[in-house]
Amino acid sequence: MAQKKMIQDFSERKQKNEKITFVTAYDFPTAQFAETAGLDMILVGDSLGMCVYGYSGTIPVTMEQMIVHAEAVRRGAPRTFVIGDMPFMSYQSSVEKAVENAGRFLKEAGCDAIKLEGGQRVVPQIRAIVEAGIVVMGHIGLTPQSSGQLGGHRAQGRTAEAARQVVEDALAVQAAGAHLILLEAVPPEVGRFITRKLAIPALSIGAGLDCDGQLLIVSDLIGQFQAFTPKFVKKYANVAEIIIQAFREYVREVKEGAFPAEEHCYRMVEGEEEKFLELMAR
Ligand code: KIV
(Lines give C-alpha, C1' and ligand atoms only; values in the text may rest on other atoms or scores of the structure.)
Protein backbone atom coordinates (compact mmCIF):
# COMPACT_ATOMS: atom_id res chain seq x y z
CA MET A 1 0.00 0.00 0.00
CA ALA A 2 1.39 3.45 -0.95
CA GLN A 3 2.37 5.77 1.90
CA LYS A 4 0.39 8.90 2.76
CA LYS A 5 1.84 11.83 0.79
CA MET A 6 3.30 14.70 2.81
CA ILE A 7 4.45 18.20 1.86
CA GLN A 8 8.12 17.18 2.32
CA ASP A 9 7.71 14.62 -0.49
CA PHE A 10 7.06 17.43 -2.95
CA SER A 11 10.12 19.47 -1.98
CA GLU A 12 12.18 16.31 -2.55
CA ARG A 13 10.50 15.80 -5.92
CA LYS A 14 11.46 19.32 -6.98
CA GLN A 15 15.07 18.71 -5.96
CA LYS A 16 15.17 15.43 -7.87
CA ASN A 17 13.40 16.97 -10.85
CA GLU A 18 10.57 14.39 -10.64
CA LYS A 19 7.23 15.68 -11.87
CA ILE A 20 4.27 16.06 -9.50
CA THR A 21 0.87 14.96 -10.79
CA PHE A 22 -2.16 16.94 -9.70
CA VAL A 23 -5.85 16.88 -10.58
CA THR A 24 -9.05 18.35 -9.17
CA ALA A 25 -11.77 16.15 -7.72
CA TYR A 26 -15.06 17.01 -6.09
CA ASP A 27 -16.52 13.68 -4.98
CA PHE A 28 -15.76 10.31 -3.42
CA PRO A 29 -15.61 8.07 -6.52
CA THR A 30 -13.42 10.45 -8.51
CA ALA A 31 -11.07 10.77 -5.54
CA GLN A 32 -10.85 6.97 -5.36
CA PHE A 33 -10.06 6.78 -9.08
CA ALA A 34 -7.36 9.46 -8.72
CA GLU A 35 -5.72 7.66 -5.81
CA THR A 36 -5.90 4.31 -7.61
CA ALA A 37 -4.28 5.89 -10.68
CA GLY A 38 -1.43 7.20 -8.52
CA LEU A 39 -2.04 10.95 -8.63
CA ASP A 40 0.10 12.80 -6.06
CA MET A 41 -2.23 15.67 -5.21
CA ILE A 42 -5.93 16.44 -5.44
CA LEU A 43 -7.32 19.97 -5.42
CA VAL A 44 -10.91 20.27 -4.23
CA GLY A 45 -11.23 23.35 -6.41
CA ASP A 46 -13.89 26.02 -6.29
CA SER A 47 -14.17 25.17 -10.00
CA LEU A 48 -16.84 22.81 -8.64
CA GLY A 49 -19.07 25.89 -8.91
CA MET A 50 -19.05 25.37 -12.68
CA CYS A 51 -18.25 21.67 -12.94
CA VAL A 52 -20.72 20.37 -10.34
CA TYR A 53 -23.26 23.11 -9.60
CA GLY A 54 -23.60 24.66 -13.07
CA TYR A 55 -22.83 28.24 -11.98
CA SER A 56 -21.30 30.49 -14.62
CA GLY A 57 -18.21 31.07 -12.42
CA THR A 58 -16.69 30.44 -9.01
CA ILE A 59 -17.98 33.55 -7.20
CA PRO A 60 -21.16 32.01 -5.65
CA VAL A 61 -19.30 29.04 -4.09
CA THR A 62 -19.49 28.94 -0.28
CA MET A 63 -17.29 27.47 2.45
CA GLU A 64 -20.12 25.06 3.31
CA GLN A 65 -20.14 23.62 -0.22
CA MET A 66 -16.35 23.35 -0.21
CA ILE A 67 -16.27 21.51 3.11
CA VAL A 68 -18.90 18.97 2.03
CA HIS A 69 -16.99 18.15 -1.16
CA ALA A 70 -13.58 18.17 0.54
CA GLU A 71 -14.82 15.67 3.15
CA ALA A 72 -16.02 13.33 0.40
CA VAL A 73 -12.73 13.61 -1.49
CA ARG A 74 -10.73 12.91 1.67
CA ARG A 75 -12.77 9.73 2.26
CA GLY A 76 -12.09 8.60 -1.30
CA ALA A 77 -8.37 9.37 -1.27
CA PRO A 78 -6.98 8.85 2.24
CA ARG A 79 -3.34 8.70 1.13
CA THR A 80 -3.27 11.41 -1.54
CA PHE A 81 -2.27 15.01 -0.65
CA VAL A 82 -5.64 16.81 -0.60
CA ILE A 83 -5.82 20.61 -0.91
CA GLY A 84 -8.94 22.63 -0.09
CA ASP A 85 -9.51 25.71 -2.25
CA MET A 86 -10.56 28.86 -0.37
CA PRO A 87 -13.69 30.22 -2.10
CA PHE A 88 -14.40 33.87 -2.88
CA MET A 89 -14.77 36.02 0.26
CA SER A 90 -13.55 33.30 2.60
CA TYR A 91 -10.17 35.07 3.00
CA GLN A 92 -10.21 38.46 1.25
CA SER A 93 -11.97 40.56 3.90
CA SER A 94 -9.72 39.88 6.91
CA VAL A 95 -6.72 37.90 8.06
CA GLU A 96 -8.76 36.45 10.97
CA LYS A 97 -11.43 35.17 8.61
CA ALA A 98 -8.77 33.69 6.35
CA VAL A 99 -7.16 31.75 9.21
CA GLU A 100 -10.52 30.56 10.53
CA ASN A 101 -11.71 29.31 7.14
CA ALA A 102 -8.36 27.74 6.30
CA GLY A 103 -8.56 25.87 9.61
CA ARG A 104 -12.01 24.53 8.70
CA PHE A 105 -10.56 22.65 5.73
CA LEU A 106 -8.23 20.77 8.08
CA LYS A 107 -10.55 20.36 11.08
CA GLU A 108 -13.83 19.52 9.30
CA ALA A 109 -12.67 17.95 6.05
CA GLY A 110 -9.26 16.48 6.91
CA CYS A 111 -7.42 18.34 4.12
CA ASP A 112 -3.61 18.45 4.09
CA ALA A 113 -3.36 22.03 2.84
CA ILE A 114 -5.32 24.99 1.51
CA LYS A 115 -4.98 27.08 -1.65
CA LEU A 116 -5.78 30.75 -2.02
CA GLU A 117 -5.65 33.06 -5.02
CA GLY A 118 -3.50 36.17 -5.26
CA GLY A 119 0.09 37.36 -5.00
CA GLN A 120 1.32 40.43 -3.14
CA ARG A 121 -2.18 41.45 -2.07
CA VAL A 122 -2.76 38.28 0.00
CA VAL A 123 0.64 38.18 1.71
CA PRO A 124 -0.81 39.02 5.17
CA GLN A 125 -3.31 36.16 4.83
CA ILE A 126 -0.67 33.65 3.68
CA ARG A 127 1.65 34.66 6.52
CA ALA A 128 -1.08 34.28 9.14
CA ILE A 129 -2.34 30.92 7.81
CA VAL A 130 1.21 29.55 7.73
CA GLU A 131 1.77 30.85 11.28
CA ALA A 132 -1.32 28.89 12.31
CA GLY A 133 0.54 25.75 11.20
CA ILE A 134 -1.30 25.18 7.93
CA VAL A 135 0.34 24.16 4.65
CA VAL A 136 -0.42 26.79 1.98
CA MET A 137 -0.45 26.73 -1.80
CA GLY A 138 -0.45 30.17 -3.43
CA HIS A 139 -2.15 30.68 -6.82
CA ILE A 140 -1.01 33.41 -9.22
CA GLY A 141 -1.25 34.36 -12.89
CA LEU A 142 -4.86 34.00 -13.95
CA THR A 143 -6.86 34.03 -10.73
CA PRO A 144 -10.49 33.24 -11.66
CA GLN A 145 -12.01 34.84 -8.53
CA SER A 146 -10.65 38.22 -9.68
CA SER A 147 -11.18 37.66 -13.40
CA GLY A 148 -13.41 40.75 -13.45
CA GLN A 149 -10.37 42.91 -12.65
CA LEU A 150 -8.20 40.94 -15.09
CA GLY A 151 -10.59 41.55 -17.99
CA GLY A 152 -11.93 37.98 -18.10
CA HIS A 153 -10.33 34.55 -18.11
CA ARG A 154 -7.20 35.68 -19.96
CA ALA A 155 -3.62 34.52 -19.95
CA GLN A 156 -1.38 36.70 -17.76
CA GLY A 157 2.26 37.78 -18.02
CA ARG A 158 2.36 38.04 -21.80
CA THR A 159 4.37 41.27 -21.93
CA ALA A 160 7.75 41.82 -20.26
CA GLU A 161 6.24 44.16 -17.67
CA ALA A 162 3.26 41.89 -16.97
CA ALA A 163 5.62 38.90 -16.66
CA ARG A 164 7.75 40.85 -14.18
CA GLN A 165 4.64 41.45 -12.06
CA VAL A 166 3.81 37.72 -12.07
CA VAL A 167 7.40 37.00 -10.92
CA GLU A 168 7.02 39.59 -8.13
CA ASP A 169 3.82 37.87 -7.03
CA ALA A 170 5.56 34.50 -6.99
CA LEU A 171 8.43 35.85 -4.89
CA ALA A 172 5.98 37.54 -2.49
CA VAL A 173 3.99 34.31 -2.04
CA GLN A 174 7.16 32.34 -1.30
CA ALA A 175 8.51 35.03 1.07
CA ALA A 176 5.19 34.96 2.96
CA GLY A 177 5.86 31.30 3.78
CA ALA A 178 3.75 29.40 1.22
CA HIS A 179 4.88 25.81 0.70
CA LEU A 180 3.68 25.41 -2.90
CA ILE A 181 2.59 27.69 -5.72
CA LEU A 182 0.21 27.23 -8.63
CA LEU A 183 0.82 29.20 -11.85
CA GLU A 184 -2.25 29.54 -14.04
CA ALA A 185 -2.33 30.60 -17.69
CA VAL A 186 1.07 32.23 -18.13
CA PRO A 187 3.50 31.69 -21.03
CA PRO A 188 5.93 28.75 -20.59
CA GLU A 189 8.88 31.18 -20.44
CA VAL A 190 7.34 32.75 -17.34
CA GLY A 191 6.48 29.33 -15.86
CA ARG A 192 10.05 28.15 -16.41
CA PHE A 193 11.62 31.32 -14.96
CA ILE A 194 9.50 31.18 -11.80
CA THR A 195 10.01 27.42 -11.34
CA ARG A 196 13.78 27.86 -11.48
CA LYS A 197 13.76 30.95 -9.28
CA LEU A 198 11.65 29.51 -6.46
CA ALA A 199 12.73 27.01 -3.82
CA ILE A 200 9.12 25.81 -3.37
CA PRO A 201 7.46 23.50 -5.94
CA ALA A 202 5.69 25.40 -8.72
CA LEU A 203 2.72 23.59 -10.24
CA SER A 204 1.33 24.51 -13.63
CA ILE A 205 -2.14 24.78 -15.05
CA GLY A 206 -1.40 26.34 -18.39
CA ALA A 207 2.14 27.45 -17.45
CA GLY A 208 4.13 25.10 -19.66
CA LEU A 209 6.15 21.94 -19.41
CA ASP A 210 9.02 23.16 -17.25
CA CYS A 211 7.13 23.57 -13.99
CA ASP A 212 7.55 21.04 -11.17
CA GLY A 213 4.20 19.41 -11.93
CA GLN A 214 0.92 19.72 -13.79
CA LEU A 215 -2.70 20.27 -12.75
CA LEU A 216 -5.80 19.69 -14.85
CA ILE A 217 -9.43 20.11 -13.88
CA VAL A 218 -10.90 16.63 -13.82
CA SER A 219 -14.03 17.63 -15.72
CA ASP A 220 -11.85 18.92 -18.58
CA LEU A 221 -9.44 15.96 -18.47
CA ILE A 222 -12.21 13.36 -18.77
CA GLY A 223 -14.36 15.36 -21.19
CA GLN A 224 -17.30 15.96 -18.86
CA PHE A 225 -17.40 19.79 -18.85
CA GLN A 226 -19.04 21.05 -22.00
CA ALA A 227 -19.42 24.85 -21.65
CA PHE A 228 -15.91 25.85 -22.81
CA THR A 229 -12.39 24.43 -23.13
CA PRO A 230 -9.41 26.57 -22.13
CA LYS A 231 -6.34 26.44 -24.38
CA PHE A 232 -4.28 24.56 -21.76
CA VAL A 233 -6.70 21.62 -21.56
CA LYS A 234 -6.02 18.23 -23.03
CA LYS A 235 -9.02 15.87 -22.99
CA TYR A 236 -7.89 12.33 -22.20
CA ALA A 237 -11.39 10.85 -22.50
CA ASN A 238 -14.89 11.79 -23.58
CA VAL A 239 -17.07 10.58 -20.74
CA ALA A 240 -19.89 12.93 -21.73
CA GLU A 241 -20.28 10.91 -24.93
CA ILE A 242 -20.08 7.59 -23.03
CA ILE A 243 -22.69 8.69 -20.45
CA ILE A 244 -25.10 10.09 -23.05
CA GLN A 245 -24.77 6.89 -25.09
CA ALA A 246 -25.47 4.75 -21.98
CA PHE A 247 -28.55 6.84 -21.14
CA ARG A 248 -29.82 6.55 -24.72
CA GLU A 249 -29.45 2.78 -24.70
CA TYR A 250 -31.19 2.54 -21.33
CA VAL A 251 -34.11 4.66 -22.58
CA ARG A 252 -34.41 2.48 -25.70
CA GLU A 253 -34.33 -0.80 -23.74
CA VAL A 254 -36.90 0.39 -21.19
CA LYS A 255 -39.25 1.51 -23.99
CA GLU A 256 -38.77 -1.78 -25.87
CA GLY A 257 -39.23 -3.91 -22.73
CA ALA A 258 -35.71 -5.30 -23.07
CA PHE A 259 -34.71 -4.10 -19.59
CA PRO A 260 -34.88 -5.57 -16.99
CA ALA A 261 -33.93 -8.99 -18.38
CA GLU A 262 -34.19 -12.30 -16.54
CA GLU A 263 -30.79 -11.87 -14.86
CA HIS A 264 -31.78 -8.55 -13.30
CA CYS A 265 -34.83 -10.01 -11.49
CA TYR A 266 -35.06 -11.59 -8.03
CA ARG A 267 -36.67 -15.10 -7.87
CA MET A 268 -39.25 -16.19 -5.32
CA VAL A 269 -38.19 -18.97 -3.00
CA GLU A 270 -38.84 -22.36 -4.63
CA GLY A 271 -42.52 -23.37 -4.38
CA GLU A 272 -43.62 -20.01 -2.96
CA GLU A 273 -45.06 -18.62 -6.20
CA GLU A 274 -47.93 -21.15 -6.27
CA LYS A 275 -48.68 -20.50 -2.59
CA PHE A 276 -48.63 -16.78 -3.23
CA LEU A 277 -51.09 -17.00 -6.17
CA GLU A 278 -53.35 -19.27 -4.11
CA LEU A 279 -53.25 -16.83 -1.22
CA MET A 280 -54.14 -13.92 -3.44
CA ALA A 281 -56.99 -15.82 -5.11
CA ARG A 282 -58.92 -16.26 -1.79
O1 KIV B 1 -10.79 25.73 -8.56
C2 KIV B 1 -9.93 25.26 -9.30
O3 KIV B 1 -10.04 24.15 -9.84
C4 KIV B 1 -8.74 26.06 -9.52
C5 KIV B 1 -8.01 25.82 -10.78
C6 KIV B 1 -8.61 26.64 -11.86
C7 KIV B 1 -6.60 26.10 -10.65
O8 KIV B 1 -8.44 26.93 -8.74
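Before moving on, a word on what you are viewing. This is a predicted model, in which local features need pLDDT of at least 70 and side-chain atom pairs count only at pLDDT 80 or more, while totals for chains, interfaces and linings use all residues. Residues are numbered from 1 along each chain as its sequence is written, and side-chain values use heavy atoms, with hydrogens and water left out.

**Stop 1: the ligand shell**

Next, pick out the polar contacts (pairs of N or O atoms within 3.5 Å). Select S47: an N or O atom of its side chain is 2.5 Å from a ligand oxygen. At D46, a polar side-chain atom lies 2.8 Å from an oxygen atom of the ligand. At K115, a side-chain N or O atom is 3.0 Å from a ligand oxygen. Taken alone, the ligand exposes 260 Å², and the protein buries 96% of that (accessible areas by the Shrake-Rupley method with a 1.4 Å probe).

**Stop 2: helix pairs**

The helices here are DSSP runs (H or I, at least four residues; strands are E, at least two), numbered from the N terminus. Axes are lines fitted to C-alpha atoms over the stretch in contact, and angles run from 0 to 180 degrees between N-to-C directions.

Select α2 (residues 28–37) and α4 (residues 63–76): their axes come within 7 Å and cross at roughly 40°. Now show α5 (residues 95–107) with α6 (residues 123–131), whose axes come within 9 Å and cross at roughly 45°.

How do α8 and α9 pack? Select residues 160–175 for α8 and 188–197 for α9; the angle is about 30° and the axes are 10 Å apart. These two are therefore roughly parallel to each other (angles under 35 degrees count as roughly parallel, over 145 as roughly antiparallel, 65 to 115 as roughly perpendicular and the rest as oblique).

**Stop 3: two backbone details**

Go to the loop between β3 (81–85) and α5, where you will find M89. M89 has a positive phi of about 70°, although it is not a glycine.

Finally, visit P260 in the loop between α11 (239–256) and α12 (272–281). A cis peptide bond joins F259 and P260, with omega about 5°.

Notes
Polar contact = N/O pair within 3.5 Å; in protein donor to acceptor, adjacent residues only side chain to side chain.
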